[in-house]
Amino acid sequence: MLMFIRKLEVDYRKVRHSADVVKMFPFSSAKKRMSALVRVSENEGMLFTKGASEIITDLCAQYMAQDGSVLPLDENMKKDIFSNITEMAGAGLRTIGIAFSEVSNLDEVKQLEDAPSKDMTVIFLGIVGIRDPPRKEVPDAVRRCQKAGITVRMITGDNILTAKSIAKEIGIYTNGIAIEGPDFRKQSPEEQKETLKTMQVMARCSPQDKLTMVRRLKEMGEVVAVTGDGTNDAPALKEADVGLSMGITGTPVAQEASDIVIMDDNFSSIVKSVLWGRSVYDNIRRFLQFQLTVNVCALVLCLMGAITGFGTPLRPIHLLWVNLIMDTLAALALATELPTPDMLDRKPYGRGDLLINGHMWRNLLIQAVYQIFFCLGILYGSPHPLNFQDCILPGQYSVTSKDNCITIHGDGTGHDATESYRNTIIYNAFVWAQLFNEFNARKIYNELNPFEGVMTNTIFLSVVFISSILQFLTVQFIPKAFHTVPLDGDDWAVCLILGFVSIPLGIIGRFLPPVNLNLM
């Protein structure tokens with residue numbers, strides 16, 4: 001409107017500075033209008049009002065003709081005005097009605113809480129159509145939200161024709177229904193729920209309508225996110241599961257009531273927040289899938305060894321080291337997976353969805369059973385599988401124990417009778433299985449390629465590399481501190497092969513159906 005005045009070669013700043021504004025009646029979302037009381041003489045003035053065009057028109061009893069004369073506003077003239085409003089709104093213009101009232105007693109009007117009052121004669125001046133084109137990126141952002149399973153609804157105070165035109169332009173209004181706030185307000189709670197199933201646009205909406213809609217959607221089991229910028233939006237922002245306020249145009253009250261502040265006031269930023277939200281949630285699931293595999297295997301292995309009299313093959317220092325790798329380094333590796341565009345190709349998680357779903361149970365049980373199997377196999381099957389070399393070698397001693405030839409190095413290490421060698425292999429193979437399984441843990445559904453995108457995550461690669469080097473050092477160069485003995489090349493190959501099998505096993509497991517959690 002200010003730009004329009006400037007085109008008429010009028011400096012609105014001079015007009016504004018010269019006006020003696022006695023009182024401002026601020027915009028009310030309930031009444032859809034605002035007014036300014038301006039002094040003309042000592043106790044006389046003018047009340048200028050603007051707001052929703054049809055509401056301003058209904059307030060008026062007279063109108064100003066083109067020649068400046070004031071005439072009665074009859075029904076035929078009102079129909080002509082409403083016809084123009086409909087035409088402009090249908091073209092996507094936001095229509096604003098402008099009117100004024102002559103005030104003979106400034107002090108009396110100044111005491112009013114709202115103006116114009118019912119006993120004042122309001123004179124209709126005209127309608128202004130404002131085009132507020134959506135940003136170029138909005139239609140694509142709406143489409144991406146819909147593809148991600150998010151139902152996007154437009155809730156606005158605009159005329160319903162304007163709202164429908166804009167909503168259709170950006171892809172929100174397709175095959176659903178559009179409704180006005182007063183009509184929605186008249187419905188019963190059950191009727192409102194039925195309406196919301198297909199509603200895509202709500203026009204002439206009040207803050208209370210917005211709050212009611214949020215409550216009804218939550219009662220229907222939906223996860224609700226709401227955007228808002230005004231103080232009156234605060235209740236709806238607070239009530240929603242996720243409240244998003246505007247960082248530029250938003251009021252401090254709205255920002256305080258919201259969960260997320262969109263700094264650039266851009267709808268496409270909501271898509272980014274959805275993408276990052278899903279990424280963080282998936283990263284938590286990745287770590288849980290990985291960590292539970294480690295815990296289940298370690299628990300069963302130590303328990304079975306103790307019950308069957310073989311003792312726990314994993315010593316406390318081994319478990320501490322495993323926890324350091326798995327809790328700290330693995331958490332760092334799996335928590336730094338970046339979001340990928342395909343995260344928007346699936347439906348959002350429901351309010352009642354389990355954190356550990358059927359796919360995750362399938363993946364972790366397959367790995368845990370495999371790791372338990374080979375660890376117990378080494379525990380119960382040694383020393384036979386570990387005798388890869390001849391007993392009599394230069395510089396070594398040889399002993400015979402229960403008809404089994406066991407080689408012992410000169411310093412007492414090697415395939416000895418104290419089971420240190422066997423336990424070292426179990427510990428080493430167990431850790432390498434976890435390191436290889438980290439690649440599997442990057443995928444929590446039916447993705448067949450565990451290495452997809454791994455080269456973009458330098459933190460993950462660094463963690464795996466550092467963990468591998470440290471594991472080699474704990475076995476070969478720090479045996480006393482970790483209660484291990486150095487392994488020969490053949491046994492290192494066995495440990496690495498047993499660990500690597502976790503990857504093809506994880507790929508094969510993706511072809512199996514997820515665990516039915518209803519049976520658990």
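Modeller: Let us begin with the second largest pocket of this predicted model, where the lining residues divide into 19 nonpolar, three polar and two charged.

Biologist: What is the volume of the second largest pocket, and which residues are the closest to its centre?

Modeller: Rolling a probe the size of a water molecule over the atoms shows where empty space is left. Here the second largest pocket has a volume of about 990 Å³, and of the 24 residues that line this pocket, the closest to its centre are M1, L2, I5, F48 and K50. Several elements each supply at least two residues of that lining, among them the helices α1 (2–7) and α2 (12–18) and the strand β3 (45–52).

Biologist: How many cavities of 30 Å³ or more are there, and which residues line the largest cavity?

Modeller: The count comes to one cavity of 30 Å³ or more, and the largest cavity has a volume of about 60 Å³. Its lining includes Q289, N363, N437 and R510, and the elements that give two or more residues to this lining are α13 (268–307), α15 (358–381) and α16 (420–441). By class, the lining of the largest cavity has three nonpolar, six polar and two charged residues.

Biologist: Turning to the surface, is F465 buried or exposed?

Modeller: F465, which has its place in helix α17 (residues 458–476), counts as exposed because its relative accessibility is 56%, and exposed means over 50%. Together with residues including I466, L470 and F477, F465 makes a nonpolar surface patch of about 720 Å².

Definitions and conventions
Residues numbered from 1 in each chain as written. Predicted model: local features only at pLDDT ≥ 70, side-chain atom pairs only at ≥ 80, totals over all residues. Heavy atoms only, no water. Patch = residues over 30% accessible without salt bridge, like charges linked within 9 Å, V, L, I, M, F, W, Y side chains within 5 Å. Areas by Shrake-Rupley, 256 points an atom, 1.4 Å probe, with all protein chains shown as cover. Salt bridge = Lys/Arg side-chain N within 4 Å of Asp/Glu carboxyl O. Helix = DSSP H or I, 4+ residues; strand = E, 2+ residues; numbered from the N terminus. Buried < 20%, exposed > 50% of the residue type's maximum accessible area, 1.4 Å probe, protein only. 1 Å grid on protein atoms, 1.4 Å probe; cavity = no way out; pocket = protein on both sides within 12 Å on 5 of 7 lines; lining within 4 Å. Points joined across faces, edges and corners; volume = space filled by probe spheres on them. Nonpolar A, V, L, I, M, F, W, Y, C, P; charged D, E, K, R; others polar.
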